[in-house]
Amino acid sequence: MNILAFESSCDETSAAVVTMEEGSRIIRSNIVASQIEIHRRFGGVVPEVAGRAHIECIARITSEALTASGLGGDINSALGNIDAVAVTNTPGLIGALLVGVNFAKSLAFANNKPLIPVNHIRGHVAASYLSNPELEPPFLALVASGGHTSIIDVSSYTDYNVIGYTRDDAAGEAFDKAARVLGIPYPGGAEMDRLAKTGDPNAIRLPSPAMKKNPDDTHAEYFEFSFSGLKTAVINYVNTAKMRGEEISREDVAASFTNAVCRAVTQHLSGALELTGRDKLVFAGGVAANSHLRRAISEMCAARGARFFAPSLPLCGDNAAMIGAQAYYEYLAGVRADTSLNARATGE
Ligand code: KG4
Ligand code: ZN
């Protein structure tokens with residue numbers, strides 16, 4: 001089945017063509033237009049600017065994705081070989097989502113193709129199906145990105161049960177904010193990863209972002225994180241050192257911050273594996289590109305006898321191929337949208 005997929009939930013506009021069959025998952029094209037340069041000078045994503053930038057490039061990248069798909073000699077013949085159109089409709093920035101939803105809906109309607117709405121978080125998980133052909137549910141998943149941090153028990157391709165989440169900042173957001181106090185431009189996650197390689201992970205004492213379970217909590221199965229305390233501790237450390245005129249080692253700050261995140265994440269994932277009895281773990285989302293977290297989580301899995309999976313690095317960040325991959329399983333489960341499909345900023 002050939003699926004033309006769209007992703008526009010945040011600051012990447014992406015169009016992709018994937019061919020999904022039983023036992024075969026192929027990316028034919030996956031075009032990603034990043035807006036990072038546009039948002040960098042504001043220190044973060046500006047929602048209205050993101051929506052406008054999506055509008056400017058979505059038609060062009062759709063042409064590129066169809067042309068590169070190899071499904072036809074020109075755009076129209078490639079489009080003729082598309083069996084369904086998929087689009088991220090939740091969660092994300094509403095103005096950004098609306099661009100992709102409206103474009104995909106119009107294209108599907110005008111060409112008489114089925115339209116499949118896809119949840120962005122499910123899409124991140126599905127990126128792992130593309131990189132790991134043998135991967136099948138059930139498994140435990142951690143999705144960590146600039147906007148989300150969730151531990152999910154994935155019992156089938158379309159049955160998701162969230163058993164862990166963040167009370168405040170997302171993991172990627174915490175990386176970006178810690179990077180910012182070190183003078184690293186937005187988004188600083190990848191640079192923090194690089195700096196941490198040569199720093200001392202025990203140089204600075206920082207609070208754990210893993211929240212302890214409250215025994216009275218009726219949701220005792222939840223594994224909660226709070227990254228804002230960790231972020232504040234880094235900001236205080238850097239500001240105090242500056243006030244005292246002390247030299248700060250950016251490498252030590254990055255390594256200590258990363259160490260605190262690795263310990264908290266592995267602690268909660270280990271507990272979640274124990275609780276669910278799953279023997280496979282998927283790590284997905286933009287933060288899954290972090291080399292230290294990949295290693296720490298895969299070592300924890302090995303120690304517990306669980307198999308570790310993650311998307312290849314280019315599929316960790318936002319892209320439309322992952323949306324196309326999840327769309328296939330939603331389609332098999334009977335999910336279709338009609339012309340009233342809308343975007344939602346939050347929700348399942
Ligand atoms: O999934 P994604 O592309 O977009 C969202 O859905 O948010 O994730 C982007 C986030 C940013 O916060 C970015 O700094 C972070 O992923 N990120 C990293 C790394 N590469 C990207 N964080 C830590 N280490 C990395 N290597
Ligand atoms: Zn994302």
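Trainee: What makes Asp318 buried?

Mentor: Asp318 has a relative accessible area of 14%. Buried means under 20%, exposed over 50%, and partly exposed in between, with a 1.4 Å probe and protein chains only, so Asp318 counts as buried. Keep in mind that this is a predicted model: local features need pLDDT of at least 70, side-chain atom pairs count only at pLDDT 80 or more, and totals for chains, interfaces and linings use all residues. Residues are numbered from 1 along each chain as its sequence is written, chains are lettered from A and ligands numbered from 1 in the order in which they are written, and side-chain values use heavy atoms, with hydrogens and water left out.

Trainee: And His120, buried or exposed?

Mentor: Buried, because its relative accessible area is 3%.

Trainee: How do you know which residues are protein donors of the zinc ion (ligand 2)?

Mentor: Donors are N, O and S atoms within 2.8 Å of the metal (3.2 Å for Na, K and Ca); water is not among the atoms, so sites may look incomplete. His120 (NE2), His124 (NE2) and Asp318 (OD) lie 2.0 to 2.1 Å from the zinc ion, so they qualify.

Trainee: Why is the site of the zinc ion (ligand 2) called irregular?

Mentor: Its four donor atoms make angles of 94 to 145 degrees. Four donors count as tetrahedral if all angles lie between 85 and 135 degrees; four count as square planar and six as octahedral if opposite donors are over 155 degrees apart and all others between 65 and 115; anything else is irregular.

Trainee: What do His120 and Asp318 tie together?

Mentor: His120 sits in helix α5 (residues 120–131) and Asp318 in the loop between β11 (307–309) and α11 (320–332), so they link parts 198 residues apart in sequence. Helices (H or I, at least four residues) and strands (E, at least two) are DSSP runs, numbered from the N terminus.

Trainee: What makes Ile248 partly exposed?

Mentor: Its relative accessible area is 23%, which falls in the in-between band. Ile248 is in the loop between α8 and α9.

Trainee: Which residues is Ile248 in contact with, leaving aside neighbours within four places in sequence?

Mentor: Tyr237, Val238 and Val253, where contact means heavy atoms within 4.5 Å. Ser106, by comparison, is 53 Å from Ile248, C-alpha to C-alpha.
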